[in-house]
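Please give a short briefing on this structure for someone who has not seen it before.

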Amino acid sequence: MAWILIISSIPLVWIIFLCIHLLLPRVFFTKRFAQNGRVFRKRNVLLVIAHPDDESMFFTPTINFLTSKGHNVHILCLSIGDADGKGNIRKKELFQACVALKVPMQQVKIFNHPDLQDGFGKVWNHSLMAKIIEEETTSRCIDMIITFDNYGVSGHCNHRDVHYGVCMLLHDPQRDIEVWELVSTNILRKYSGPVDIWLSVFMAMLHSNGTVQCLVNEHSRRSFIAMAQHSSQWVWFRKLFVALSSYTYVNTLRKV
């Protein structure tokens, strides 16, 4: 009987936390993120992803936070996501999603290199990625990079390779660039939706040195709108993922 009560109460708890999130969207722990020192300075931020739709499925809280604060967000997608032969379609969908996320189209770049093709079991060349990312950071005067951590949220090998490609840049001691990674959570937190906001906030508070930042999505509806632009991918299980995923509502970033 007790288990039935606990299980039946889960949807109610989820709805309550969602309502709290919608009524009280602002969280103050993020005010120092993307600032060098005390004075505000517009940053040139490069989000490095593996596939079209990564930005909408995983990084919308970060994108919404940065654009709302006036920072220049650039997106570098290292493949066109052609595993199912829909690469050209997905390429167009990424630009449409970026319009919904208020990222200028001229600040979005998509690569289609033969050594960086979408698919499980395909190992990407880390040195090649590092070279591509380095060229982008130089040409666009990038001073901050945001990408996946070494698990890549879903464990996708391409996500993980992107992480290692970005980390290769840090081997150059002369390169003054800030790198942040999106923290992967366990499966319970991953599908806890807005409930995870408060745990993420608490975890960030434990790192008083600022190496972990919690960015709450003030426009969670925009996540759905952006992901819907990826119509070739907008199937029932991805709709369910966006609704239940904590990454729709909050991003925890850790400084590399």
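This is a predicted model: local features need pLDDT of at least 70, side-chain atom pairs count only at pLDDT 80 or more; totals for chains, interfaces and linings use all residues.

Residues are numbered from 1 along each chain as its sequence is written, and side-chain values use heavy atoms, with hydrogens and water left out.

**The largest pocket**
- The largest pocket holds about 500 Å³ of space.
- It is lined by 22 residues, of which H51, D53, F120, H156 and R238 are the closest to its centre.
- Helix 2 (54–58) and helix 10 (236–244) each contribute at least two residues to this lining.

**V123**
- V123 lies in the loop between strand 3 (108–110) and helix 5 (126–139), and it counts as exposed because its relative accessibility is 68%, where exposed means over 50% and buried under 20% (1.4 Å probe, protein chains only).
- Beyond its neighbours within four places in sequence, V123 is in contact (heavy atoms within 4.5 Å) with D115 and D161.
- Although V123 and C157 are 34 residues apart along the chain, their C-alpha atoms are separated by 7.2 Å.

**T248**
- T248 is placed in the loop between helix 10 and strand 7 (250–255), and it is buried, with a relative accessible area of 2%.
- When residues up to four places away in sequence are not counted, T248 touches T60, P61, N217, S220, S223, F224 and V242.

Note on methods. On a 1 Å grid over the protein atoms alone, a cavity is a set of points where a 1.4 Å probe fits but cannot get out, and a pocket is an open set with protein on both sides within 12 Å along at least five of seven lines; lining residues have an atom within 4 Å of a point. Grid points are joined across faces, edges and corners, and a volume is the space filled by probe spheres set on the points. Helices (H or I, at least four residues) and strands (E, at least two) are DSSP runs, numbered from the N terminus.
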